[in-house]
Amino acid sequence: MAVSLVEKYELLGCIQCGRCTAGCPVGLRTYLNVRKVVYEGLTGTGPKDAKGRPEAWNCTTCSNCTERCPKGVKPMELLIGLRSAAIEKGKALPTVRDALESTFKHGNPWGRGRDKRMEWASEISVPVAGEGEAVPTLFFYGCTPAYETRAQDIARSLVSVFEKAGVVYSTLGTAESCCGNEIWRLGEQGLFELLVEGNSELFSAHGVERIVTSSPHCMNTFKNEYEGLELEVLHYSQFLKVLLDEGKLKLSKDVPKTVTYHDPCFLGKHNDIYDEPRDVLSAVPGVTFVEFDRSRERALCCEGGGGRMWVEAVEERGERVAEIRVNDAVALGADYLVTACPFCLLTLEDAVKTSGNEGKIEIIDLAELVAMAL
Amino acid sequence: MRGALRGSGVGRERCRGAWPDNRNRRNGEQMNIVVCVKQVPETAEADVKLASDKKGIVMEGLPLQINEADNYALEQALLLTEEHDGDVTVVTLGPDSSDDVLRMSMAKGAAEAVRLNDPAFDRGDAVATARALAAAIKDLEYDIVLTGCISSDDGNTAVGVALAECLELPHATYVTQMEMGDGEVTVGRELEGGLIEKLKVKTPCVIGIQTGINEPRYASIMGIAKASKREIAMKSAGDLGLESGDVGAEGSRTRIEELSYPPVGEGAEILEGTPAEASSKLADVLREKGFVS
């Protein structure tokens, strides 16, 4: 007997208070009304999959709704479930279909060949583990910093920081495959499980004890969703904090800029990592730090997560949330809007252009800021 | 010409049997479709290397997938049989790895899968392949046979047409529009310059599908895993009454002599300047060469 949506997602707790919808970043600009989705799930009146409810593809899985719910209901999970139901029937948006097929074929959602995965490192020296070689500290650079030209700067900056700090680490080279965080959120459970299996085996074969990721998305899934994975998982901001505290990383060059910091959802809201990135940022000499009004738990999602890098919002209206964020940063008088996630970096940078703020502000990753101060 | 397509007299005999009364007619609304699919390497991003004998490429490290045009043909078959209540049978001629394409097709909704599995089929050209496929298809129940119009590896665009000849069926190629009628299908064939040729083709027939006719669905990993438990019918040359002279290298009319890389040429002009300047120059070039008036 098929488990009903009500049972599967424990919807009976919902009191229709609306805190979820009020906090939904895409609710600002699309017809996604997460309270209504829960209501229709409860009454059995709604569509059973995302094909029938296309706005389910708009969700960025920022988890605001889930964090805010006073009754422990998880509307975000319900939306992922609707996506999953559509996926199993073959009804994915074409861009989502392409990203999923690419991940299966090439180990990354960007449609790029696996043998090109280390091209970001072609002009620098990056350690790559040989077969069976022990890798106590693994730098998991991730699909987006591997292939996306702007995001490659994140990976390269981290390499120079690790080098300066004398970190002993290695990468998996072209054997590295997608972590699956976005795959899970797009609803492709089978593919996610395949990735978990493959990656877990690989980590085991190399005796990995600690993974340092460039993306909060990879960190999130390795830490919270890879069953049986017993090793330390750190986002690089946490790792750099440790290096700073241990005196291994010294930042001596002045960066005389006014900077603000955008909390990535998967670092902040999902994993409560708010302080470490700020500590690292403050360790950069010369920086004047200004805080967003909507910061930490109240940070505004950039709309890059939850598979949204492969989904153009359905039935959208109004300003992109990332544009609001950029305008806020400009209003703060910031030279740099610093973030710590490749998706945030890309969506915010695009938003600078589309909001007409080119030349007024620069989006940079925390890793790049630290590398500037080496 | 017709004799040449069918090879030996024995082959001609084997291609027969494709007479109207041997095939399934629509039971009222029902409509069954056979789709020919092929597994090909994905080379879009790869540095393709020639094999040492220069008659093929190095396949190692290349991901394998369904031929793109065949994927559209499969989707078209699924859409039509969903609308007209029927079954899709996928047929392939290929190595063991091509079972993956069949399983993916079944995950998407194909009811049956057939693989022509015999070393005798190896290194067949388009016509030899078509002859083998025809032998497998002629005894199936179908209203239409769909194929992709072109394969991304060999690029002959010949199998669909040769298959139609072997089955003695009418055919249309590069189809981007299809509308079922009574005992016929109206198709739109994609010609150059955006022109569409409309044809009415009597069913049963062979239709070569062009990419872009639809939006192929997704086959989930769990769906494919479920399909891996289903049976694929394996057919040898003997099962199909084919002799070695009909198929494979022996049954081929063409033979690959050598593959080579295209020579690096000259004549690429880089337009310098700001975007505004460069696009102005580009507009001049386009006008000059007659691409725009």
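Me: How many bridges join strand β7 of chain B to β10(B)?
Reply: This is a predicted model, in which local features need pLDDT of at least 70, side-chain atom pairs count only at pLDDT 80 or more, and totals for chains, interfaces and linings use all residues. Residues are numbered from 1 along each chain as its sequence is written, while chains are lettered from A and ligands numbered from 1 in the order in which they are written. Strands (E, at least two residues) and helices (H or I, at least four) are DSSP runs numbered from the N terminus, and two strands pair if DSSP finds at least two bridges between them. Strand β7 (residues 171–180) of chain B runs parallel to β10(B), and the number of bridges joining them is three.

Me: In β10(B), which residue is the bridge partner of H171(B)?
Reply: H171(B) belongs to strand β7 (residues 171–180) of chain B, which runs parallel to β10(B). Its bridge partner in β10(B) is V206(B).

Me: Which residue of β10(B) does L146(B) stand opposite?
Reply: Strand β6 (residues 144–148) of chain B pairs with β10(B) in the parallel sense over five bridges. Within β10(B), L146(B) stands opposite I207(B).

Me: How many residues of strand β10 of chain B are buried?
Reply: A residue is buried if 20 or more other C-beta atoms lie within 10 Å of its own, exposed if 12 or fewer, and partly exposed in between, with C-beta atoms placed from the backbone. C205(B), I207(B) and I209(B) point one way from β10(B), V206(B) and G208(B) point the other way, and all are buried. For strand β10 (residues 205–209) of chain B, the number of buried residues is therefore five of five.

Me: Which residues touch the most other members of the largest nonpolar core?
Reply: A nonpolar core is a set of buried Ala, Val, Leu, Ile, Met, Phe, Trp, Tyr and Cys residues joined through C-beta atoms within 7 Å. In soluble globular proteins, nonpolar side chains tend to be buried together. Of the 194 residues in the largest core, those touching the most other members are V35(B) and L163(B).

Me: Which helix of chain B gives the most to this core?
Reply: The core in question has 194 residues. The most, 10 residues, comes from residues 126–137 of chain B, that is, helix α5.

Me: Why does F222(A) count as buried?
Reply: F222(A) lies in helix α11 (residues 216–224) of chain A. Two residues are in contact if their C-beta atoms, placed from the backbone, lie within 7 Å; leaving out residues up to four places away in sequence, F222(A) touches C179(A), I211(A), L229(A) and V233(A). F222(A) counts as buried because its C-beta neighbours inside 10 Å number 24.

Me: What order do the strands have in the open sheet of chain A?
Reply: The sheet has three strands with parallel pairing. Its edge strands, each pairing on one side only, are β1 (137–140) and β3 (232–235) of chain A. The order is β1-β2-β3.

Me: Which helix of chain B gives the largest share of the side that touches chain A?
Reply: The contact takes 19 residues from chain A and 16 residues from chain B. Four residues on the side of chain B come from residues 221–227, and this largest share belongs to helix α7.

Me: What ipTM does the model score?
Reply: The model has a pTM of 0.90. Its ipTM is 0.91.
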